[in-house]
Amino acid sequence: MSSFGEMEDGEGLETEREGLSDVDEDEGDEDFAGDEYVDGDGEGEENDDYQLEFGTGMDPLAFVEENESGVMPFEQFQKLEYEALAARKRKALALQRAAKIKSSKAQEDVFGASVDEIWESAGFGVGRRRRRRKKRRKLGRRSRLTPEVAKMLGEANLLYAMGKFEEAVELLKECVRIAPNVPDSYHTLGLLYDAMSDRKKALNFYMIAAHLTPKDSVLWKRLASWSMEQGNIGQVIYCLTKAVKADPDDVDAKWDRASLFAEHNDYQKAAEAFEQLLLQRPSDVEVCKMVAKMHHKTGQCERAIQVLEKLIEEHPAEADLTAVNLLAELLMESGQFATAIAHIDHASTLYCPDQHLPIDLSTKAGICHAYLGNLEDAESFFEELSEERIEGFADLVMDVGDAYLALGEHKYALHYYEMLHGDKTFDNAGLCLKMAECHVALKETRAAIDLYYRVLQDLPHHIETRLTLASLLDGNGHFDEAISVLAPPETSENVGPSGDVEDPWWKDGEVRKKLAKLYLLHEQYPQYLDTLVPAIQETLYLESQNHKVRNPKRLRKSVLLERVRWIEDRPPDEVFHGFRPVLSSSNMVKAARAKKKLQQLLEDKKDRKAAALAAGHTYESEEEEEEEPIPTEVHHVKQPLPNLLKDEEHYQLILQCCRTLTFSKRYWEALEIVHHTLQAGSGLGQEKRDELRNLGARIAYQTRDANYGFDCVKYMVAQRPYSTSVWNRYYQVISRSEARVPKHNKFMLHMRSKYPDIVSTMIISGHQFNMISQQQGALREYLQAYKLQPEDPFINLCAGTAFINLSLGFRLSNRNQCVMQGFSFLYKYQRLVNFSQESNFNLARAYHHVGLVQLASTYYEKVLSTYEKDRPPVKLPHEAVEMETGISPKKVTSDHDLGHCNLQREAAYNLHLIYKRSGASNLARQLLKDYCSL
């Protein structure tokens, strides 16, 4: 022991040591092979006995003074004991290694050094001297006092008796400095400070005295009592542990220590302490019950049952009905009802041969029979409950009712719950809730509703009651009454029944969802949205803000300096001096940033110093101080709908809300919810995120601004770049947007460069050129698409119309050739669609556009001669009506359910223009009358 327990060369072991178990200088190496020697207490060294000794350089009085760090004296002694025992363990390991070296056959190694020399160089002794084993003499418990110390102690005791406390204290402190390991000095100091009403210092001096006389169990128990008065539970347990170690047969100390563990919820240590006491007193009923209770608290129910069963089996005379009662409770909790009945029957024979069982045990027996399905036998055990007055047995009646309720026997349970009406302890809201549950199961709805109203009078903030009551009222056709249960009151106050400010019940997420569900079931969509949308928006906003909050990583100054040394601290005689340091690119970036950060810190420091001097203050340097850590706690506001982005139910709620908003034409709110859900819902699966983006794209098609919808369709296109239907959705969103979408052109260029073989991008680009009257650019895009898909009718139509539009330009030199090329594409398009009415109309429009009205009238007449039946417009698979709106298809009424396919009216109108221009007014009027009249 380096810091204490060692003496200087001039100090004698007999005057300062108190029976420590260190190795004597005269012991030989024969003792190292495993033979134990005996110390002053007759115990071996392996028992880890410890006794405090103050060595050179230690001030015992420092343990009494106030510690700035708040460490209690007993904690300091614990640390000293730990260090001493650790040193002893290290020494024991060294002795074992030395024994192995000694028993080896090779005494000389290849270098000529003997084992003795190795032993001596390791510092475990001077030379290897064989000595005979000798048994240490047993030293006294107390150190022998020098005459000077004995005289000083006597004078101090005389001063104490004369009431001269201050003089006695000074004399004893001098005595402590001379002989720090004499316990009488500290004991007398404790008496003096106690007489001076300084209980804290008195306790600290007694604590030192107790450590110097560790076998004094009475002193340890006295210290425990004083520590309990001061409320220092940790010190109480420490002193009781020392008392138990000093006197292992002290049952009271063991009981008090175990009880303290139990009172402070340290059930594992309490169980271990009571188990030690049980080994000493196996027939003690109270000890057995405490062991069982502590094991039950730690979840070791089987061990608790074993302890009680062993007590009843091996010590039936000492056991009593309270142990049987506790055993029955444990068996019932673990589901061993048959075993519990057997133990109760055995207790009846053993302890109550000529009389009835106590009512609590008979009730438990009846509950066990009920769980085993023997309801008639169970009722026979409960007869006494019905006959006796309910006062004093209300808890048993409640247990019976709860058992029947758990078994689903609601009629029996209701009977016993009704017996508790008027009881001061159990007739409360909890009883009404259980009775209401029974009435609901028995389909007695009116009685259940009345009970739930009674519960709300006592507990207006009970959310589950409101939800259940609203469901019952709505199921019975009382929709308005159900709404009144969940809707906010007209005069709302955020004050609970106890007077504390709290969140009102109508702002609870479950209440809002239930209220919105009722509105949705009764097709009151505006009320549904007004209830749910604000809660969803607020929750998504708070969730997105929480995602933005990050604890910025702030490196300490020492770390920054270390990184700068990577590039600056290089030896002057380095061969590669002047070259770039051999570092990875990431480390070079870190070093450069660290250097820049240090320069910034230096400039900030200069600015602070200048500001302080200018203000007339003294600037204190902070070079040695580390930067203050950034607080890691972030205040989170309570969300209206917790777990909104964490389960399937809430996800479907978001989808339903967005679809209902779309049906109500509140597109912007729906897009905002989709956008914030995608932003904050990082935990959503890829499938759900794709579904949300698809929904956002469909909603964006209904708006005139593609700010939110563009991101959705852009992601969809990026995921499925070769899907024509996805590109169709993308162009629908872009083409309907009244505002310019700046990201569109850049995205198209990116997709064209990444996927040069996608026809959809070429067609979209061609359409964009057409919209700004750049016919050459449009034609170039269409022809590139034609090279990839020459048999596509739509591409041929686009190329033909592009040629026709280009031929009308003023600067075109080969206009006739351009017209012929355009019509060649249009005729191929007509052939590919089997000469349909639409192809004839497109050819007629082309001829009409270039001024060939005679050919145009021919094709217009072909259109008038054919008839096409109107059909519903083609929709993508995900564009079903119910998915679009969230409302049943029968509720959707629209004038555009059928698409316009017959082109006779358009052809007649255009042909009438030709006739009118040529002077055939009567013929033109007849066309309008035949085809364009309602």
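Q: Which residues of H33 are buried?
A: In helix H33 they are Val726, Trp727, Arg729, Tyr730, Tyr731, Gln732, Val733 and Ile734. Buried means under 20% relative accessible area, exposed over 50%, and partly exposed in between (1.4 Å probe, protein chains only). Keep in mind that this is a predicted model, where local features need pLDDT of at least 70, side-chain atom pairs count only at pLDDT 80 or more, and totals for chains, interfaces and linings use all residues. Residues are numbered from 1 along each chain as its sequence is written, and side-chain values use heavy atoms, leaving out hydrogens and water.

Q: How do you know that the length of helix H33 agrees with its 13 residues?
A: The expected span is 1.5 Å times one less than the number of residues. For residues 724-736 that gives 18 Å, and the end C-alpha atoms are 18 Å apart, so the two agree.

Q: What makes a run of residues a helix or a strand here?
A: Both are DSSP runs, numbered from the N terminus: helices are H or I with at least four residues, strands are E with at least two. The protein has 43 helices and zero strands.

Q: Why is Val397 called buried?
A: Its relative accessible area is 0%, and the cut-off is under 20%, so Val397 counts as buried. Val397 sits in helix H19 (residues 394-407).
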